[in-house]
Structures are given as C-alpha cells and as structure tokens.
Amino acid sequence: MSPELLGLIADATAETLFMVAVAALLGTALGLPLGVFLATSGRGELFEALAVNRVLGMLVNATRSTPFIILVVAIIPFTRLIAGTSIGTNAAMVPLTVAATPFIARIIETAVREVDQGLIEASRAMGATPLQIVAKVLLPEARPAIVLGLTLTVVSLIGYSAMVGAVGGGGLGDLGIRYGYQRFMPEVMAAVVIVLIVLVQTLQSIGEALARRVNKRIRRV
Amino acid sequence: MNFLARTGSEPAPPVLSSEPPAIRFESVSKTYPARGRDAQVTALDLVSLAVAPGEIYGVIGRSGAGKSTLLRVINGLEKPSTGRVLVEDTEVGALDGADLRALRRRIGVIFQHFNLLSSRTVFDNIAFPLELAGARRATIEARVGQLLDLVGLDDKRGRYPAELSGGQKQRVGIARALATEPRVLLSDEATSALDPETTRSILELLRRVNALTGVTIVLITHEMQVIKEIAGRVAVIEGGRIIEEGAVYDVFARPETSTARSFVSSVTGSGVPEDLAAQLSPQPTKGGRAVLRIVLTGPQATAPIISILSRSAGIDVQILSGQVDRIGDAPFGNLLLAVPARAEVVAAALALVREHELSGEVLGYVA
C-alpha cells in the first residue's frame, strides 16, 4: 500500500475519532441531564413532572426510532443552521450529536433507575436536597453502568460516523466508500475495516476496564 | 372458667420528666387513597403517643401493621392525613423545604438493609450527612474519627461497604445516623437482616449510644426479642392502631391483647406446647390433672414457688415447661405446672400463688 494511501487512512481515522469524540461529548452534555430528568420525574419521584416526562420521553423515542441515515437527511436544514454547511466533518457532527443525545439519555435513565431506592430514601431522611441526591447519590452510584453505557454509545457512534461518510461526512466510512467501493480498491476497504475493528476493540476494553475500576460493589480482597 | 389472678407489683413506670416529649403523636391517621384496583389503605388510625427524651421506645407489629409509616411521619417522609406529629414541639407536617431538611438532620435513621452508598468508603459514608449539611473538611475529619472509634471500625475507614459483614455495615449505618448529633434516632428493623449474635452486639451498641449521648431512640421491629433486650417502653401496633402500650416489663408480664400475647410468648416460652394444647380440655376428668400457668413477675419473681406448693400445701407439682429470664434488670418467668385436678387442690395452689404476689391461671385439664 502506497504511503499516500496510508496517509489517507491516518487522516480518515483522525477525522472519525474527532467526530465521534465531539458527538459523544456534546451528546453526554445534553443527554446526561435529560436522562437524569427522565429517571427522576415519574410519579412520586424527586422532580415529579409527569407531563414534561411524557413529552420528553416521546421526543426521545421519535429520534431513536428514525433510522440514522434518514435522520441525517431530514435535519439538513438544522445542520446548515448550526454548522453553516451540510457537507464535511463539521456538518456530520450535528446529526451524530442529535442521534447520540437520546441514546445517551436512555442509557443514563436506565443506569439511574437501577440505583437502590433505599439510598434515595436514606438521603432524603438525612436532609439531602434533590440536587444533592442527584450529584452525590444517583450519579456516583450509577457510575459503573454509565461508563459501560457510554462505551456502548461511542462504539455505536463509530458505526454511525461511517454512515455519514455516505453523505460526504468524511472519516473512515467516507474513505471506504470512495476508494474501496467506487474505485475498486479492496485493500483500502480491508484496511478501513481493520482500523474500525481495532478502534472498537480498544475502546470497548478501555470502557470495561474503567467500569471495573469505578465499581465498588464487587468485593476485592 | 378463668382463675386469672393478677396481683403483684411491677417496676414503676419510667419517671416522666418535666421536659416536653421528644416525639408526640396527636391522633395521627394516614390513609393512602384508592388507586386503580387497589382499595384505600389506612396505615395509621388515630395514633397518639408520647416518647420521652432519652428513652428507648419500641414499636412492634407484624408486616403491614403500619410500623414503617409510623416512622416515616416522624421525619416527614410522609405527611399525616389528619392529626399532628411533633418532634421537640415542632410540628413536622407544617415544615417544608429547608426547614424540613434542617429537622431531618436532627433525626438519624438506621435501616434494615443499611442503605450505605456502595461507591463511598466507610469514612465517606459516615461523612455523607455532614457533607450534605455543608460542614467543613476539618470538622468532618474530627467528627468521623470520633464516630469510627465509637462503633469500633477505625481499621475499616478506607474499606467499601461490599467488603464489610452485615454487622459492620450496620455499625457504619449507626455512625452515619449519629454524624449530625441528632436528638432522635429512628431504627427501621435495624437488626432484622442480622444473625442473633450480631443482633445482640448491635443492640448493645445502640444501648451504649443511648446512654452516652442521651439520644431518644424509636425502634420498630417484628421481633419481641429486640424489644426485650433494649426498649424501656413498647407499643404494639396492629391494623394501624396502637392496641397496647406500656413499660416493656408490664407488657411482658400482662399482655392484654392476643397479638401482644403471641409476641410475648415468642420469647418467653409462655405459650403452651402444641402437644399439650391438643390434650387440654375445659372440664376436669376424674383422676386427671389441672394445668396451671404461673407468671413470675415483680419482687417475688424469684420466690421458690414450687417448693412452697409442695411443702406447705402438700401438692404434687409436675413441671410441664418453663422459662426464667430477665427483662431489663428484673427477673421474669413463666411456668406451666400440672397439679391434681381436684377443686380444693387447685384453689389452694392459686391462693398460695396469689399470696406470693404472683399471678396464676388454670389453662385447662388433662387426663
């Protein structure tokens, strides 16, 4: 494989990682509060707000049920508004973030709901404010599940980022389609797939190791 | 036919101090409205009680009797439907927001399942209520250090709850509950998940804490053993009502309701063994025996009642079952005896029992 091709692959890898990192960060910034709210606004819960809970839940479901490739096209006007263009790596980060946010929200919601109700009760009995309960009880106790969930999100985003390649989003998917498929260069396609596999494996291992580290529920002697 | 003879004096009720009660319930009811197919539930039904400062007050009842609700209205996790709950003269139901949280910091709670934060070390778990209250780091260090000493877990300060035994976890729970120097400690079935040995050590710790700090303790439990070991007064709750209340010794000596009797018999052996109960008949048979229950209470609890019966009245006494125990510092016991079923013998035996300020009754007759 020529040095030029290797350079292309390296650039595409960097683009993919950049897109995924930004989408994961923004998605977490938006999805974390949303997920916490979804998990704590049901009947009899800390921030009870049934109507808002239901509307947000429906919004999340709607976004989650739209196939990603359709979402990318459907929100092009919004993408233009935010990124100023609908083509390229910067533009691709908009639909990636839009897709990541509800995904992360559901993951956070599930993780927070798994926290023992007895801990919430105990904290209230100790005079904790609802925000203290979120910051000092729910999030720390849900941390192992959240770390695993975010790992899952990042892995999914790598897959999504390959799809935005189809609409000129840059990154590994774009490279694979333009060189591997359209120019009949199977070695590029193979290289792209291998890089993706290595990326996913590495990220998954890091995520699992991190989750183990923050999980204090396992007895260690 | 009931020869129930209740005589004898029990220890005086605790001296009621002139201070206002630490906790007072005034006709408190709590009903949960019907929802869907579930009918309305009355968890508390006109409960009135007063807990004196520094006392250990036990509430016993079966599951679903309303114990938990009774505890939860004290720290305002539930609001009474009617009536008032006062903690040191503050009406809990009237508080909201910051005032309610401030009150809760003066009320520690320990739980059946400990409810420790798994992501925090022993030290940080105990520090938690202090953090919530906004205490400074130096204050927290000093206070948590004292508490670790008190509960004997200084060597575990850096451990996580998953690395502790049940008894150690409850010690952390107790230290945490005491962190903000509360005036009241609520114990929600705190020993129900522990083995008997550990239960005793935890109750011993609670007693020591009570003596050391004067904290008022309200504990709910379904185990009469717990009441017997630690409480000064007890309320028996059933169907949301307090059906019996008094000094623990009195309730043990003279349980008035069948529920109280069954709780008492679970630890005192005052129940009639099953095989014997099956043979009991209400009428004497010729040549048969009468079964007497003698309750040993009061100053004469240790009177040599069996030798008195056999020696001074010449009655042949057979011991069927018995148990002698201590409640608080006072001896207490139950004896099931069989004597010849002739009316004059039974009457003489009961008269002697009464003469020694004990109570006795005829349970029935066996062949």
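Where pLDDT is low, the predicted coordinates should not be read in detail.

The rest of the confidence picture is as follows. Chain B averages a pLDDT of 89, and 95% of its residues score at least 70. In chain B, helix α3, residues 122-132, has the highest confidence at 97. The lowest is in helix α10, residues 274-279, with a mean of 83. For the model, ipTM is 0.87 and pTM is 0.85.

Now the overall layout. Chain B has twelve helices and 14 strands. Its C-alpha atoms fill a box of roughly 80 × 50 × 45 Å along the principal axes. Of its 367 residues, 44% count as buried. If you take contacts in chain B between residues at least 6 apart in sequence, 71% of them join residues at least 24 apart.

On to domains. The assignment for chain B gives domain 1 as 23-267 and domain 2 as 272-366. Taken over C-alpha atoms, the centres of these two domains of chain B are separated by 39 Å. Five residues from domain 1 of chain B and six residues from domain 2 of chain B make up the contact. On the domain 1 side, which element gives the most? That is helix α8 of chain B, residues 248-253, with four residues. By class, that side of domain 1 has four nonpolar residues, no polar ones and one charged.

Last, one residue to look at on the screen: B:Leu335. It sits in strand β13 of chain B, residues 330-340. Is B:Leu335 buried or exposed? B:Leu335 is buried, because 23 other C-beta atoms lie within 10 Å, and the cut-off for buried is 20 or more. What does B:Leu335 contact, leaving aside neighbours within four places in sequence? The partners are B:Ile294, B:Leu296, B:Ile319 and B:Gly322. For one more distance, take B:Ile306, which is 29 residues from B:Leu335 along the chain; the C-alpha atoms of the two are separated by 9.8 Å.

How values were computed. Residues numbered from 1 in each chain as written. Chains lettered and ligands numbered in written order. Predicted model: local features only at pLDDT ≥ 70, side-chain atom pairs only at ≥ 80, totals over all residues. Helix = DSSP H or I, 4+ residues; strand = E, 2+ residues; numbered from the N terminus. Buried ≥ 20, exposed ≤ 12 C-beta atoms within 10 Å, placed from the backbone. Contact = placed C-beta atoms within 7 Å. pLDDT = per-residue confidence, 0-100. Domains from an automatic or database assignment. Nonpolar A, V, L, I, M, F, W, Y, C, P; charged D, E, K, R; others polar.
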